[in-house]
Amino acid sequence: MTDFDAIVVGAGVGGSSAAIKLAQMGKQVLLLDRGQPIGSKNLSGGVLWGNDLAEILPNWQDEAPIERFVLNKKVGFLSEKDATVIDMHFNDWNSRPYNGSIVLRAKFDEWLANQAKEAGVTVLDGITVDQLLLEADKVVGIQSSNDTVKAPVTIIMDGANSRLTLKAGLRKEKNMSESKSKFMLGLKDVLALDHDKIEQRFALTGRQGVAGEFVLGNIPSNVKAGGFFYTNYDSISIGVVVHLDSLSPEDRTYRILEMFKSHPYIERLIQDGEGIANLKEYGAKLIPEAGYNMMPKLYGDGFLVGGDAAGFVFSNGLVIQGMNYAIKSGILAAEATSQALDKSDPTKTSLKLYQKLLENSYVLKDLKKFKDVTKMTKNKNLFKVYPGAINDGFKHAMTEKGEPKQRLYKTLLQSFKQRGAGMFTLLKDGLRGGTKL
Amino acid sequence: MKKFRDMEEDTGPIKNKLGVLTYKTDSEENAHIVVDGTICETCPHHLCISGCPVRCFNFFEIDGKPTMVFQYEDCVECGTCDIMCDQGAVSWNFPRGSFGVAYEEG
């Protein structure tokens, strides 16, 4: 006797997408989340890339609480005081379907869970799922304090810090301390800044927005970190992502965020938003970065794993995407679940379809293709040599010194050499890392 | 071993930032993270302090004895300490349903 056709644990974008898709296929679904209200435990940098949600909610870009749509993307290298930034304006990004939607998750995820409710999903907030319910090694539901709920299939979408996969032994590691090299920590401020000011500063109109991502060469320790900012409607999300395995006892993750914010280039962009009086929120979240190399068991008798819990994050040092992978994996989990239910076979034999669907989609295609990208994203030179060398090189080339000019490549090569990367290092890094991008 | 490495740090700036956050704090016996401070006394790195984004860990001298003080109340439930602690001092769980930090922006 089961209570539902399927239980989805975790109402992030992946969990809610799975629940909505299942409901749309006529299934009885229970969606559980530990936050109250839903969304209050959810945090991300801020851009939902792509249009995967359209498959289940065709008008989501009109109806969802979206702060701004990315028109302008900046990617840059920060050295101690200088910045070299590639500024991208792609005109197609200015029209529907928008390529990048800047969101604040507390609001966005609450809206998405409400869409699940409207689709017929039973949604419960304020419920922490303690563990999976097992019968003869098969997952038959969930347990939360003294309550149990049963369903043929449980979809585990409990996020990067997935306690369910850990407790059930589905991860490669027995405990979290073995996975230091597989996670980054994201820390973020939301700074109040009037929308007029944002639009003037970044030359935007209406709901146009900016996404900026940077390699941080301005941190005076061995820390490997990146920085980001996204323009919300009337605030700016600004944060850093820190490789946990690069931290030394003297480092503090929260200081790295302040160092990013006080870089002269960044300081100009967040002007009038800095200071505690303008701080709307501060938060932090783990980011799985090892992708393909950290995937837990994705399916088994009575269960599927998706989103951050499955390590479905794409990161190449300049781009980090998780939400689109979570949504896509949620939709595919729903399809596999629906077929297994129709066959009355919620075992791994039927649920294996999930893995197949993932492999045929961009989710596992991307993660597989880029599985060695950490060779570059964890390369110390990326943080400690290249940002400084790039800035020095362009600065020398662009600064008028009243002296005979040198060819640009020579100036750049000299800067790299001065920062400790000669021709041989450049070639080696280029071959080892550049081809992994 | 540097025992009191964080004692001089002014934690005011980070603690001030937490003032903007909303928490529903559970009672101490239901704290979602429990730290066994006796293990921390001999820890060679205290990387929990380095990693924790909200400075829940403080290694103080109390009555002449180095003591790890952990404040579960300020936790934003990221899970970093459970990764950084390789000494087995951190027992980590999610707070009970509806308790803990409540983001309004996210």
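Modeller: Let us start with A:Pro97, which lies in the loop of chain A that runs between strand E5 (83-89) and strand E6 (100-102); helices (labelled H or I, at least four residues) and strands (labelled E, at least two) are DSSP runs, numbered from the N terminus. What kind of peptide bond joins A:Arg96 and A:Pro97? The bond between A:Arg96 and A:Pro97 is cis, with an omega of about -10°.

Before going on, please keep in mind that this is a predicted model, in which local features need pLDDT of at least 70 and side-chain atom pairs count only at pLDDT 80 or more, while totals for chains, interfaces and linings use all residues, and side-chain values use heavy atoms, with hydrogens and water left out. Residues are numbered from 1 along each chain as its sequence is written, and chains are lettered from A and ligands numbered from 1 in the order in which they are written.

A cis peptide bond also joins A:Gln36 and A:Pro37, where omega is about 0°. The loop that holds A:Pro37 is the one between strand E2 (29-32) and strand E3 (47-49) of chain A.

Other loops draw attention through the backbone angle phi. A:Ser145, in the loop between strand E9 (138-144) and strand E10 (147-150) of chain A, has a phi near 40°, which is a positive value in a residue other than glycine. A:Ser145 counts as partly exposed because its relative accessible area is 48%, where buried means under 20%, exposed means over 50% and partly exposed lies in between (1.4 Å probe, protein chains only). For A:Asp272, placed in the loop between helix H7 (264-269) and E16 of chain A, phi is near 75°, again positive in a residue other than glycine. With a relative accessibility of 37%, A:Asp272 is partly exposed too.

E16 (279-288) leads us to A:Glu289, which sits in the loop between that strand and strand E17 (299-300) of chain A. Is A:Glu289 buried or exposed? Its relative accessible area is 4%, so A:Glu289 is buried. If neighbours within four places in sequence are left aside, the residues in contact with A:Glu289 include A:Ser181, A:Lys182, A:His243, A:Met294 and A:Thr377, where contact means heavy atoms within 4.5 Å.

Two of these names, A:His243 and A:Thr377, come up again beside A:Phe383. A:Phe383 belongs to a helix, H13 (residues 380-384) of chain A, and it counts as buried because its relative accessibility is 6%. Not counting residues up to four places away in sequence, A:Phe383 touches A:Val215, A:Leu216, A:Gly217, A:Lys224, A:Ala225, A:His243 and A:Thr377. A:Phe383 and A:Val85 stand 298 residues apart in sequence, yet their C-alpha atoms are 15 Å apart in space.

To place these residues in the chain as a whole, the domain assignment of chain A gives domain 1 (6-66 + 101-177 + 290-371), domain 2 (180-288) and domain 3 (385-434), with bounds that come from an automatic or database domain assignment. The C-alpha centres of domain 2 and domain 3 of chain A lie 27 Å apart.
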